[in-house]
Amino acid sequence: MNPPDEGAPDELPGVAPRLRDLRRARGLTLETAAQRAGLSPAHLSRLETGRRQPSLPMLLGLARIYGTTVSELLGEQPPGRDAVIRSGGFEGTEADGWMYRQAGGSGRAMQALRVRVPYGAQGDLVRVHPGEEWLYVLEGRLRVGLGDTVHDLEPGDSAHFDSLTPHRIAAVDRCGAELLFVHSLLQSPAAELCLGSGLHPR
């Protein structure tokens with residue numbers, strides 16, 4: 001999937017100003033926040049002005065830095081501390097090709113999401129960041145690369161791994177894949193990186 005045009009309108013209205021306001025509220029300069037997120041200041045500036053769409057890994061990293069959740073970054077109505085999240089149609093939010101919706105309460109140590117991965121979206125994006133991830137395939141087939149090992153997962157298969165292990169996630173078939181995704185919001189002094197194949201454009 002090609003990156004959005006620099007002059008394209010923000011497809012996630014409200015995210016850009018929230019990113020900027022949260023950074024300022026935490027007393028972080030653009031340079032400091034960008035360094036912690038593994039981004040260049042120019043790239044973070046484009047995210048804050050709506051000229052680039054953040055990917056899900058970027059949203060996870062920024063949410064961790066700012067002490068919030070992806071759902072709150074997206075302006076979704078938080079369910080509070082309710083223990084039960086009712087089912088419904090897949091009315092999610094798109095971020096860099098992926099569709100996802102909240103599947104757990106906000107303000108927790110873990111973020112639970114229901115994710116739809118279209119074929120060809122972010123398949124070459126290598127992720128490295130603190131925390132742990134667990135995923136469970138609901139529909140379609142999912143290709144998960146962990147370091148130098150590649151696994152093709154069928155519906156009912158799951159994976160649980162340390163997020164500092166370089167990992168890639170992609171749909172195998174053109175019909176895409178759907179999964180449950182849980183990420184722990186562990187704080188770590190380790191550098192937080194979201195790297196593309198080789199070097200992801202900043």
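Visitor: What is the mean pLDDT of the protein chain?
Guide: The mean pLDDT is 76, and 72% of the residues of the protein chain reach 70 or more. Here pLDDT is the predictor's confidence in each residue, from 0 to 100. This is a predicted model, in which local features need pLDDT of at least 70 and side-chain atom pairs count only at pLDDT 80 or more, whereas totals for chains, interfaces and linings use all residues. Residues are numbered from 1 along each chain as its sequence is written, and side-chain values use heavy atoms, with hydrogens and water left out.

Visitor: Where is confidence lowest, and where is it highest?
Guide: Confidence is lowest in strand β11 (residues 193-195), with a mean of 35, and highest in strand β7 (residues 149-153), at 96. Over residues 187-202 the pLDDT is below 50, and that stretch has 39 contacts in the model beyond near neighbours in sequence. A contact means heavy atoms within 4.5 Å. Residues 1-10 also have pLDDT under 50, and the model gives them 14 contacts beyond four places in sequence.

Visitor: How many helices and strands does the protein chain have?
Guide: The protein chain has five helices and 11 strands. Both are DSSP runs, numbered from the N terminus: helices are H or I with at least four residues, and strands are E with at least two.

Visitor: And how much of the chain is buried?
Guide: Buried residues make up 45% of the 202 residues in the protein chain. Buried means under 20% relative accessible area, exposed means over 50%, and partly exposed lies in between (1.4 Å probe, protein chains only).

Visitor: Let us turn to α1. Which of its residues are buried?
Guide: In α1, the buried residues are Val 15, Ala 16, Leu 19, Leu 22 and Arg 23. Seen down the axis of α1, they fall within an arc of 135 degrees, so they line one face of the helix. The arc is that of the directions from the helix axis to the C-beta atoms. On the other side of α1, Arg 24 and Ala 25 are exposed.

Visitor: What do the buried residues of α1 pack against?
Guide: They pack against α2 (30-37), α3, α4 (56-66) and α5 (70-73). After α1 comes Gly 27, with a positive phi near 70 degrees.

Visitor: Which residues of α3 are buried, then?
Guide: His 43, Leu 44, Arg 46, Leu 47 and Glu 48 are buried in α3. The cover over these buried residues includes α1, α2 and α4. Just after α3, Gly 50 has a positive phi of about 80 degrees.

Visitor: What about Arg 116 and Glu 178?
Guide: Their side chains meet in a salt bridge at 3.2 Å, N to O. Arg 116 belongs to strand β3 (residues 110-117) and Glu 178 to strand β10 (residues 177-184), so this pair ties together parts that are 62 residues apart in sequence. Arg 116 counts as partly exposed at 36% relative accessibility, while Glu 178 is buried with a relative accessible area of 4%.

Visitor: Which strands does β10 pair with by bridges?
Guide: β3 and β10 run antiparallel and are joined by eight bridges. Strand β5 (residues 132-139) also runs antiparallel to β10, with six bridges. Two strands pair if DSSP finds at least two bridges between them. Among the bridge partners in β10, His 183 is that of Gln 111, and Leu 180 is that of Tyr 136.

Visitor: Is β10 mostly covered or mostly open?
Guide: β10 is mostly covered, as six of its eight residues are buried.

Methods
A salt bridge is a side-chain nitrogen of Lys or Arg within 4 Å of a carboxyl oxygen of Asp or Glu.
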